[in-house]
Amino acid sequence: IMTISADILRDLTDAQLEAVTHRQGPMLVVAGAGSGKTRVVTRRIAYLIAQGTRPDQILAMTFTNKAANEMKERVATLVGIAPRNVGTFHSCCARFLRQDIERLKDGRNRQYTIYDSSDQNTLLKHCLKDLNLRSSDCSPNDVAQVISRAKTQRQDIVEYIHNQCRYDADTYEKVAIAYETRLRQQNAVDFDDLLLLTAKILSEYPIVREMYQTRFKYLLIDEYQDTNHLQYDLMKLLCGEEQNVHATGDPDQSIYSWRGADYTNIMNFTSDFPDARIVRLEQNYRSTQCIIHAANELIHQNAFRLDKDLFTENEIGSPIRVISVPDEASEALWLCRRISELCTEGHSLRDMAVFYRTNGQSRSLEDGFMRMGIPYQVVGNLRFYDRKEIKDLLAFLRLKCNPADLVSLQRVVTCLNCGVGPKNLAALVATAEQHAMPVFDLLCRDDFAALFGKNPAWAQHFCQWCRALRALPDQPVDEVIAAVLEHSGLMQNIIAKDDNADDRVENIHELLAQVKSFVTNHGDCTLIDYLQEVSLISDLDTYDSEADYVSLMTLHCAKGLEFPFVFITGVEEGYLPHQHSVNTANGIEEERRLFYVGLTRAKAEVTVLFARGRFTWTGSDQREPSRFLAELPEEVVQQQIFKHRQAPPNHRRGANHFGYSS
Ligand code: ATP
Ligand code: MG
């Protein structure tokens, strides 16, 4: 047992201290924004380790990989050991399935591939084709959503589809069944399967369940308000008789119900664990008094909530600025000027964040930032790993690991342009099925021609190419990837044909550099480990807190983060609340929570902007300020009207003249 270093318990309030040092049994920490929930989770992990708990006996779940990595680093600084099992539900389940998926006996094995939403889309299109359907008969996105809903609610997909009373339920059923069959045949799982199959194994195999319950003596969950039904079940399955489960959340920040999150999980906690100790943290350490007052008043408008208090002893701070601008261009202009002003005052760009409701709203802001030459990063845009050249390279690697992965095989065949068209591919699949082997195995066979029944010209070269891919070594990962890249001819292809060759080549170099650092950090990992890590990196993980950029992101992305200066743009009816949500009371309340999340990210200053008009695809559109603005208490709001219309390019005014009047 180590001595508890003073750092582990430093700067904790009594309530926080109780939550950190709680010994045995279930605990629920319900607390408002910025009250130290994440700090409590981190310190508790360190505390348990310092008390003699082995790091691998702790399982901690957070919302993003980035948050998990930060947590690991902080724990490592406190106790010198980085606990392994800190991650998202998805990454923890992915690791679990690497061990235990074969128990399901559904044809899948440990080499399984994780299909992300674009792979899922490709697969669904294959299914539609098999069934002679078109995307117009049945949209792949819609089916994907229905399948996902059924899975996160742990319902039988077919039953779920029919319960929805869709007029096209029969079509949906066919596509969903084809999709599930193909996933199994291709030894692949989608994101929801990671959780669903883990829950299935844990429910059906008491031996496995007990093994994991014994292994993980302590279970911790941050951002508990955004867990869905399936995650809730997993939590219950994982916590053993001792029920050392520690859940931390803020029901007022539940913003993912559209993805199946259910903040009543917070209410259920106390009925499922009647002995649960409940701790409330009421002091906010992040924001000024003005911000907390505004946030409190706003969220009090929600009827469906657990009442709780939040106060701060931080300074009063400046009022919330509400800026009315004529249109989107002036919104961007106002922002750029204010940001330059803050820079002149000595603040760094990384201390500023701009939030909006929907991804599309970033475009006009980006135009402005580019024109004014202000460095920015858009968080949650196209993932690095979604870029075409990166997906191409990953497809080669995935095929090498999982010979049944048809989505990747198809991509590889397209990249190689090796004469294997859709007809040939279908023939290959049929032959492989006949001989009960994965397609790539068939291609690698010495007796391919005999099995396939013919020996077309493309096969001679392509089969040889496949055997050579298979023969490349599997480790170390960085060398494999370099070798596969070489063998794929991808680089030459890009240079010869691509308009954006420079960017694409640079991205591949970037990937190679990342692989190097991955290998350095993870020691003797396998190619499968690497691919798994990459498939689980979500768009929320792209935020770089070190780089000196202004961050632009949706309000959903902003969860858990904090910045000295926060700008919330487009606070208008239709955006916030979003027009999709205005028809139900629940919808409005969730939008209000989203605004609450936005406000409470700020340490020093919040500025809220709304445009009186915007150009939309239908022409120019009059906008109304959001109803939420009227709910902010007058005494902490300062309104300004920015009259300036769009400035001509490169037109500059004096640094202290901003063209608005109060
Ligand atoms: P959110 O609801 O946004 O997830 P949270 O409840 O997880 O917030 P933290 O992020 O843990 O809150 O803490 C908010 C800020 O307050 C952080 O900067 C943290 O370092 C600081 N903080 C938390 N507790 C204390 C304390 N007792 N003394 C000083 N600072 C604290
Ligand atoms: Mg937090």
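Which residues in H7 meet which residues in H9? In this predicted model, Val143, Val146 and Ile147 are the residues of H7 that take part, and they meet Tyr172, Val175, Ala176 and Tyr179 in H9. Divided by class, the residues of this contact of H7 with H9 are seven nonpolar, no polar and no charged.

**Helix packing**

The geometry behind that contact can be described through the two helices themselves, H7 covering residues 140-152 and H9 covering residues 169-185, which pack at an angle of about 75° with their axes 10 Å apart. Angles of 65 to 115 degrees count as roughly perpendicular, and H7 and H9 are therefore roughly perpendicular to each other.

H9 also packs with helix H6, residues 117-130, and here the angle is about 120° while the axes are 9 Å apart. That angle makes H6 oblique to H9, and the crossing in which H6 passes H9 is right-handed. On the side of H6 the contact is made by Leu123, Leu124, His126, Cys127, Leu128 and Asp130, and on the side of H9 by Val175, Ala178, Tyr179 and Arg182. By class, this contact of H6 with H9 has seven nonpolar residues, one polar residue and two charged residues.

Another pair of helices is formed by H23 and H25, the latter spanning residues 501-522, whose axes come within 8 Å and cross at roughly 155°. Angles over 145 degrees count as roughly antiparallel, and H23 and H25 are therefore roughly antiparallel to each other. Val477, Asp478, Ile481 and Ala482 of H23 make this contact with Leu512, Val515, Lys516 and Val519 of H25, and the classes represented are six nonpolar, no polar and two charged residues.

The angles and axis distances of these pairs are set out together below.

| Helix pair | Angle | Axis distance |
|---|---|---|
| H7 and H9 | about 75° | 10 Å |
| H6 and H9 | about 120° | 9 Å |
| H23 and H25 | roughly 155° | within 8 Å |

**The annotated domain**

For residues 10-288, UniProt lists, in an unreviewed entry, a "domain: UvrD-like helicase ATP-binding".

**Around ligand 1**

Which residues come nearest to ligand 1? Of the 18 residues around this ligand, those that come nearest are Gly36, Lys37, Thr38, Arg39 and Tyr285. Helix H3, residues 37-50, gives the most to the shell around ligand 1, contributing three residues. By class, the residues of this shell divide into four nonpolar, eight polar and six charged.

**Backbone details in the loops**

Some local features of the backbone are found in loops between the elements named by number. Gln475 and Pro476 are joined by a cis peptide bond with omega of about -10°, and Pro476 has its place in the loop between helix H22 (457-471) and helix H23 (477-488). The peptide bond that runs from Leu576 to Pro577 is likewise cis, with omega near 5°, and Pro577 is found in the loop between strand S15 (563-568) and helix H27 (585-599). Arg154, although it is not a glycine, has a positive phi of about 55°, and the loop in which Arg154 lies is the one between H7 and helix H8 (157-163).

Note on methods
Residues numbered from 1 in each chain as written. Chains lettered and ligands numbered in written order. Predicted model: local features only at pLDDT ≥ 70, side-chain atom pairs only at ≥ 80, totals over all residues. UniProt positions renumbered as here; feature names shortened; annotations may be inferred. Axes fitted to C-alpha atoms, helices over the stretch in contact; angles between N-to-C directions. Helix = DSSP H or I, 4+ residues; strand = E, 2+ residues; numbered from the N terminus. Parallel < 35°, antiparallel > 145°, perpendicular 65-115°, else oblique. Contact = placed C-beta atoms within 7 Å. Nonpolar A, V, L, I, M, F, W, Y, C, P; charged D, E, K, R; others polar. Left-handed = near helix turned anticlockwise from the far one by under 90°. Near = placed C-beta within 6 Å.
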